[in-house]
Amino acid sequence: MNQFRYRLRRLDQTPYMTVGLIAVMVLVFLAMTLAGGSTNVNVLIEFGAKINVLIQQGQWWRLVTPVFLHIGFTHILLNMLTLYFVGMQLEAAFGHWRYLVIFLVAGIGGNVASFCFSDSLSAGASTAIFGLFGAFMMLGESFWQNPTIRSLARTFLAFVVMNLAFDVFTPGIDLAGHIGGLFAGFLTAYLVGVPRIGKVSAINRVIATVVLVAGLVWLYLHGMAQ
């Protein structure tokens with residue numbers, strides 16, 4: 001595991017995208033605090049939290065903006081710590097732009113799933129962060145013969161299972177968003193590929209692309225029809 005992390009650090013020592021995403025979220029959090037507080041429902045709505053009825057009225061950007069919002073200091077602190085330590089490894093593995101695509105598509109995918117299966121107001125980067133966990137699962141599946149990657153994938157799989165189990169028994173957690181983000185990140189990682197680590201099967205990339213696009217479209221249309 002240490003050798004794999006050392007190799008990633010040698011590939012690129014500066015996680016520009018991860019640090020940039022964290023900076024944007026912190027700035028948004030400060031703006032929300034000045035506007036009346038990040039736990040204030042009106043502030044959350046004004047800044048773009050996921051509200052199903054508003055999305056159904058045409059405010060589709062609410063499938064994107066919730067990724068950059070957080071509800072309370074503890075929420076943003078935990079998410080930013082997780083994003084930094086997970087993101088810096090994946091950004092080194094996938095490269096800056098592939099990593100950013102995974103993060104954003106996973107965040108949107110999680111919000112689309114939440115829109116389809118949950119009526120609650122929601123916000124937070126956890127949909128995208130679960131997508132990063134999904135990207136680690138993709139690495140494990142594609143490069144299972146590598147003992148270091150296999151070990152990392154098993155660790156993150158256990159972490160995902162524990163988190164989803166915690167979500168089930170914790171009120172107010174957007175379980176649909178987390179699961180949606182996880183699968184969207186897994187599929188997007190196949191779509192963009194990971195040339196810094198190795199070659200991904202072309203068939204798997206095509207299948208992942210079809211499933212991802214079809215799934216997002218179906219979920220969105222299903223949510224609009226509700």
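## Helix H7 and its burial

Of the 17 residues of helix H7, 16 are buried, so that the helix is mostly covered; buried means under 20% relative accessible area, exposed over 50% and partly exposed in between, with a 1.4 Å probe and protein chains only. This is a predicted model, in which local features need pLDDT of at least 70 and side-chain atom pairs count only at pLDDT 80 or more, while totals for chains, interfaces and linings use all residues. Residues are numbered from 1 along each chain as its sequence is written, and side-chain values use heavy atoms, with hydrogens and water left out. Helices (H or I, at least four residues) and strands (E, at least two) are DSSP runs, numbered from the N terminus.

Helix H7 comprises residues 126-142, and its end C-alpha atoms are 24 Å apart, which agrees with the 24 Å that its 17 residues should span at 1.5 Å a residue; the expected span is 1.5 Å times one less than the number of residues. Thr 127 belongs to this helix and is buried, with a relative accessible area of 4%. Not counting residues up to four places away in sequence, Thr 127 touches Val 67, Ala 106, Gly 107, Gly 110, Asn 111, Gly 177, His 178 and Gly 181, where contact means heavy atoms within 4.5 Å.

## H7 against H9

Two packed helices are described by the angle between their axes and the distance between the axes. The axes of H7 and H9 come within 6 Å and cross at roughly 45°; axes are lines fitted to C-alpha atoms, for helices over the stretch in contact, and angles run from 0 to 180 degrees between N-to-C directions. H7 and H9 are therefore oblique to each other, given that angles under 35 degrees count as roughly parallel, over 145 as roughly antiparallel, 65 to 115 as roughly perpendicular and the rest as oblique. H7 passes H9 in a right-handed crossing; a crossing is left-handed if the near helix is turned anticlockwise from the far one by less than a right angle, and right-handed if clockwise.

On the H7 side the meeting residues include Ser 126, Thr 127, Phe 130, Gly 131 and Phe 133, and on the H9 side they include Gly 177, His 178, Gly 181, Leu 182 and Gly 185. His 178 lies in helix H9, which covers residues 175-192, and it is buried, with a relative accessible area of 7%. Leaving out residues up to four places away in sequence, His 178 touches Ser 126, Thr 127, Phe 130, Leu 164, Asp 167 and Ile 173.

## H9 against H10

H9 also packs with helix H10 (residues 202-225), at an angle of about 135° and with the axes 8 Å apart, which makes H9 oblique to H10. The contact is made by Ala 184, Leu 187, Thr 188, Tyr 190, Leu 191 and Val 192 of H9 and by Asn 204, Arg 205, Ala 208, Thr 209, Val 211 and Leu 212 of H10. The crossing of H9 and H10 is left-handed.

## Helix H10

H10 has 24 residues and reaches 35 Å from its first C-alpha to its last, close to the 34 Å expected at 1.5 Å a residue. Ala 208, Leu 212, Leu 219 and Gly 223 are buried in H10, and the buried residues of this helix pack against helix H4 (52-56), H6 and H9.

Leu 219 counts as buried at 15% relative accessibility, and, leaving aside its neighbours within four places in sequence, it is in contact with Val 112, Ala 113, Cys 116 and Phe 117. Ala 225, also placed in H10, is exposed, with a relative accessible area of 67%. The C-alpha atoms of Ala 225 and Lys 199, 26 residues apart along the chain, are separated by 40 Å.

## Helix H2 and its two sides

The 20 residues of helix H2 (residues 16-35) should span 28 Å at 1.5 Å a residue, and the end C-alpha atoms are 28 Å apart, which agrees. Met 17, Thr 18, Leu 21, Ile 22, Met 25, Val 28, Phe 29 and Met 32 are buried in H2. These residues cover an arc of only 135° around the axis, which puts them on the same side of H2, the arc being that of the directions from the helix axis to the C-beta atoms. On the other side of H2, Tyr 16, Leu 27 and Leu 34 are exposed.

What covers the buried residues of H2 includes helix H3 (41-47), helix H5 (73-94) and helix H6 (96-117). The axes of H2 and H6 come within 9 Å and cross at roughly 40°, which makes H2 oblique to H6. Here Tyr 16, Met 17, Thr 18, Leu 21 and Met 25 in H2 meet His 96, Trp 97, Tyr 99, Leu 100 and Phe 103 in H6.
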